[in-house]
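Here is a short briefing for a first look at this structure. Keep the model open as you read.

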Amino acid sequence: MHSTETRRYAHGAQTAAITLYRFRDPSSAYGAYTFLRNDSLTPVGLGSYGSASGDRVLVVIGGFLLEVAAKPGRPSNTDLKQLVRSLDKIADRTPFPSIGNYLPEQGLVRNSEHYVLGPRTLAQYVPLGTDDWVGFDHSGEIILARYRLAGKDATLLIASYPTQQIAADKFAGMLRRFTFDPPGGVPPDRTVLFGKRSSSLIAVVIGAPSREAANQLLDQVQYESQVTWNEPKHTLTDPTIGTIVVGAFLGTGVIMLLALAVGLGFGGLRAVLRIFLPNKVFDREKQIEILQLGIYSKPIQAKDFYEKSQGPVEN
């Protein structure tokens, strides 16, 4: 938790103490919300998560946790919504943990869900040791809740891990440390666990009276992965033979016209330069060398080669 601010307000006989908890992320705020919530609170449509009683309100807005304690009664929902909207403008938009979606609804004790962030908090709900036996140091995400199974209370713990390999390693460690599903039933003087692993999820039931009762919960916990492909979609089609032939003729015609235009332009430019700048740009006889085989005794001169008034050079 980063900070806590508390202010008190009074209007006539109405008093209210408003406490704002600022956490590092929405997951921490949600965990504190499940820790502070009790059976006297019922869900209300405020913030991302909200619960209220006659004189107390708990609301999660991003990384903020808002607690309102008022007498003789809590403020109206209209006033609370205005306060929530002012906090929502600066709230963290990081998604909340989704591990709670794996908790079965049947038999769930109201307001018993607890999103756990560390081994000491976990030990308050599941007294199996204060060390990190569940794997918080491996980015484990833990949620637990109480259920009524065969007339008795039991606790379902669900742990989610980044990979299946981490989940398998942690579940193997739990099997070595604790008593899981012993033959001959549940002894009265020992804590027995029932559990399973589904991909990167581990589900453990503590306090179930039998394996059959525990399976009522475990069978409802299934890992489901969803893969989405967001790459743009392209549809490629082959052109018809007519399109190919027409395109070939058009392309050939364009090339021929371009060649003709370039040839005429170059020839016209050369003719103009020969008239106005004779032997200056083209046909410079002093800079032209003629390679000869020396078959004839009279060598060919460049000036004889380019003089138009004369006929063919005789050797």
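**Briefing**

Alanine 150 sits in the loop between strand 8 (141–149) and strand 9 (152–160). This is a predicted model, where local features need pLDDT of at least 70, side-chain atom pairs count only at pLDDT 80 or more, and totals for chains, interfaces and linings use all residues. Residues are numbered from 1 along each chain as its sequence is written, and side-chain values use heavy atoms, with hydrogens and water left out.

**Overall make-up**

- The chain has seven helices and 12 strands. Helices (H or I, at least four residues) and strands (E, at least two) are DSSP runs, numbered from the N terminus.
- Of the 315 residues of the chain, 35% count as buried. Buried means under 20% relative accessible area, exposed means over 50%, and partly exposed is in between (1.4 Å probe, protein chains only).
- The chain exposes about 20,400 Å², and carbon and sulfur atoms supply 54% of that area. Accessible areas come from the Shrake-Rupley method with a 1.4 Å probe; for residues, only the protein chains shown count as cover.
- Take the contacts between residues at least 6 apart in sequence: 51% of them join residues at least 24 apart. Contact means heavy atoms within 4.5 Å.

**Backbone exceptions**

- Most residues other than glycine have a negative phi, and most peptide bonds are trans.
- Alanine 150 has a positive phi, near 55°, and is not a glycine. Alanine 150 is exposed, with a relative accessible area of 64%.
- Asparagine 111 also has a positive phi, of about 60°, although it is not a glycine. Its place is the loop between helix 2 and strand 7 (114–116). Asparagine 111 is buried, at 7% relative accessible area.
- The peptide bond from lysine 71 to proline 72 is cis, with omega near 0°. Proline 72 lies in the loop between strand 6 and helix 2.

- Six strands form an open sheet with antiparallel pairing, in the order 1-2-6-5-4-3. Two strands pair if DSSP finds at least two bridges between them.
- Strand 1 (3–11) and strand 3 (42–43) are the edge strands, and each pairs on one side only.
- Strand 1 pairs with strand 2 (residues 14–22) in the antiparallel sense, over nine bridges. Tyrosine 9 has alanine 16, in strand 2, as its bridge partner.

**Helices on the sheet**

- Helix 2 (residues 77–88) lies across strand 2, strand 5 and strand 6. Helix 2 runs at about 25° to strand 5. Axes are lines fitted to C-alpha atoms, for helices over the stretch in contact, and angles run from 0 to 180 degrees between N-to-C directions.
- Nine of the 11 residues of helix 1 are buried, so helix 1 is largely enclosed by the rest of the structure. Among the buried ones are Tyr30, Gly31 and Tyr33.
- The buried residues of helix 1 pack against strand 4, strand 5, strand 6, strand 7 and strand 8.

**Salt bridges**

- Side chains of opposite charge can pair when their charged atoms come close. A salt bridge is a side-chain nitrogen of Lys or Arg within 4 Å of a carboxyl oxygen of Asp or Glu. By this rule the count is seven.
- Glutamate 113 and arginine 37 form a salt bridge at 3.3 Å, N to O. Glutamate 113 lies in the loop between helix 2 and strand 7 and arginine 37 in the loop between helix 1 and strand 3, so the pair ties together parts that are 76 residues apart in sequence. Glutamate 113 is buried at 18% relative accessible area, and arginine 37 is buried at 12%.
- Arginine 56 and glutamate 67 meet in a salt bridge at 3.1 Å, N to O. This pair links distant parts of the chain, with arginine 56 in strand 5 and glutamate 67 in strand 6, 11 residues apart. Arginine 56 is buried at 17% relative accessible area, and glutamate 67 is buried at 15%.
- Arginine 93 and aspartate 88 meet in a salt bridge at 3.3 Å, N to O. Arginine 93 is exposed at 60% relative accessibility, whereas aspartate 88 is partly exposed at 32%.
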